[in-house]
Amino acid sequence: MSPATRGPRLIGLAYDASSSFLRGPAEAPPLIRAARHSPASNSWASGPRDVLGPGGLTDAGDLELPPTAAARDLIDAGVARVVMDGFRAVALGGDHSVSYPSIRAVARVHGPLTILHVDAHPDLYDEFEGDRYSHACPFARIMEEGLARRLVQVGIRTITAHQRAQAIRFGVDVIEMGQWLAGVRPRTDGAVYLSIDLDGLDPAYAPGVGHPEPGGLATREVIALIQELRGDLVAADVVEYNPGRDLNGLTATVAAKLVKEIAGRMLAGPIA
């Protein structure tokens, strides 16, 4: 087991062939980067961290990924290189199917992870439209393979009977929006992987997604979730930005802000 010692590093996962509705997330990584470097903003996260300055967030570039099943092994290998070099991987999707090979790579180094998953949907289908590797299924594959010692989901507000049964089967801690509004908050510890599907936010804050679901989290709430995360944030992903659905680059700006906050939290190190 090799602990992360060299700070956060971006890796772009430009893949959307497992999207069930609209393509587009494969175009996201360079647009999130552009928003991150926009002169409208600066390089500082909330608090005292210049995350884009010396010793801060670095960038491994984008993987070249075919729109086929072969992409999964390429994602696994690419994220593994980042993690084995001692960095904390921050993956830019891409549709949510990329989380499965990314988490698989991270778990080989850090062991079974505590996964904090922000989303409108649980993504726990056993299969969706005949595809076991759809972006609607990654957390079923993750739990089947024992990659998570604990999975906590936040922002859920559309869960089918099948996915509810899957959550019970796998022992998932699902915090639906009604519970969130009642004050329930996630508890994390150990090696933590954070996966943020941008449709976890309300469409008012992040319209550029393929599956908008009203009644979600505010940007401020997701930032607070990142800042207050306990444990050791060893890796993360931000997925499902669909530029073709965006308004004035708003969702790219939100994604870039979340990336900065994730990097800032990683630089803070483990928090008990």
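Reader: Why is Tyr125 called buried?

Author: In this predicted model, the relative accessible area of Tyr125 is 18%, and because buried means under 20%, Tyr125 counts as buried.

Reader: What makes the pair of Tyr100 and Tyr133 stacked?

Author: A search of the whole structure finds two aromatic pairs. In the pair of Tyr100 and Tyr133 the ring centres are 6.1 Å apart and the planes stand at 25°; because rings pair when their centres lie within 6.5 Å, and planes under 30 degrees apart count as stacked, this pair is stacked. Tyr100 lies in helix α3 (residues 99-110) and Tyr133 in the loop between β4 (113-118) and α4 (138-144), so the pair ties together parts that are 33 residues apart in sequence.

Reader: How do you know whether Tyr100 is buried or exposed, and which word applies to Tyr133?

Author: Tyr100 has a relative accessibility of 5%, and because the limit for buried is under 20%, Tyr100 counts as buried. Tyr133, with a relative accessible area of 31%, lies between the 20% and 50% limits and is therefore partly exposed.

Reader: What makes the aromatic pair of Tyr125 and Phe128 tilted?

Author: The rings of Tyr125 and Phe128 are 5.0 Å apart, centre to centre, with 55° between the planes. Because stacked requires planes under 30 degrees apart and edge-to-face requires over 60, this aromatic pair is tilted. Phe128 has a relative accessible area of 22% and is partly exposed.

Reader: How do you know that the charged end of Arg72 sits over the ring of Tyr133?

Author: The charged end of Arg72 is 3.8 Å from the centre of the Tyr133 ring, and the distance limit for a charge over a ring is within 6 Å, together with an angle within 35 degrees of the ring normal. Arg185 also lies over a ring face, that of Trp180, at 3.6 Å from the ring centre.

Reader: Why is the pair of Arg36 and Asp59 called a salt bridge?

Author: The closest N and O atoms of Arg36 and Asp59 are 3.8 Å apart, and because a salt bridge asks for a side-chain nitrogen of Lys or Arg within 4 Å of a carboxyl oxygen of Asp or Glu, Arg36 and Asp59 form a salt bridge. Arg36 lies in helix α1 (residues 28-36) and Asp59 in strand β2 (residues 58-62), so the pair ties together parts that are 23 residues apart in sequence. Arg36 counts as buried at 8% relative accessibility, whereas Asp59, at 34%, counts as partly exposed. Both residues belong to a network of salt bridges that links Arg33, Arg36, Asp59 and Asp62.

Reader: What makes the pair of Arg104 and Asp73 a salt bridge?

Author: The closest N and O atoms of Arg104 and Asp73 are 3.5 Å apart, and because the limit is 4 Å, the two residues form a salt bridge. Arg104 lies in helix α3 and Asp73 in helix α2, so the pair ties together parts that are 31 residues apart in sequence. With a relative accessible area of 18%, Arg104 is buried, whereas Asp73, at 54% relative accessibility, counts as exposed.

Reader: How do you know that Arg149 and Asp189 meet in a salt bridge?

Author: The N to O distance between the side chains of Arg149 and Asp189 is 2.4 Å, and because the limit is within 4 Å, they meet in a salt bridge. The pair links distant parts of the chain, with Arg149 in strand β5 (residues 148-156) and Asp189 in the loop between α6 and β7, 40 residues apart. Arg149 counts as partly exposed at 48% relative accessibility, and Asp189 is partly exposed at 40%.

Reader: Why does Thr188 count as buried, and what does the side chain of Thr188 reach?

Author: Thr188 has 10% relative accessibility, and because buried means under 20%, Thr188 counts as buried. Thr188 is placed in the loop between α6 (177-181) and β7 (191-197), and its side chain reaches the backbone oxygen of Arg230 at 2.6 Å.

Reader: Why does Met84 count as exposed?

Author: Met84, in helix α2 (residues 70-84), has 53% relative accessibility, and because exposed means over 50%, Met84 counts as exposed.

Note on methods
Residues are numbered from 1 along each chain as its sequence is written. This is a predicted model: local features need pLDDT of at least 70, side-chain atom pairs count only at pLDDT 80 or more; totals for chains, interfaces and linings use all residues. Side-chain values use heavy atoms; hydrogens and water are left out. Helices (H or I, at least four residues) and strands (E, at least two) are DSSP runs, numbered from the N terminus. Buried means under 20% relative accessible area, exposed over 50%, partly exposed in between (1.4 Å probe, protein chains only). A polar contact is a pair of N or O atoms within 3.5 Å; within protein, one must be able to donate a hydrogen and the other to accept it, and residues adjacent in sequence count only if both atoms are side-chain atoms. Rings of Phe, Tyr and Trp (its six-membered ring) pair if their centres lie within 6.5 Å; planes under 30 degrees apart count as stacked, over 60 as edge-to-face and the rest as tilted.
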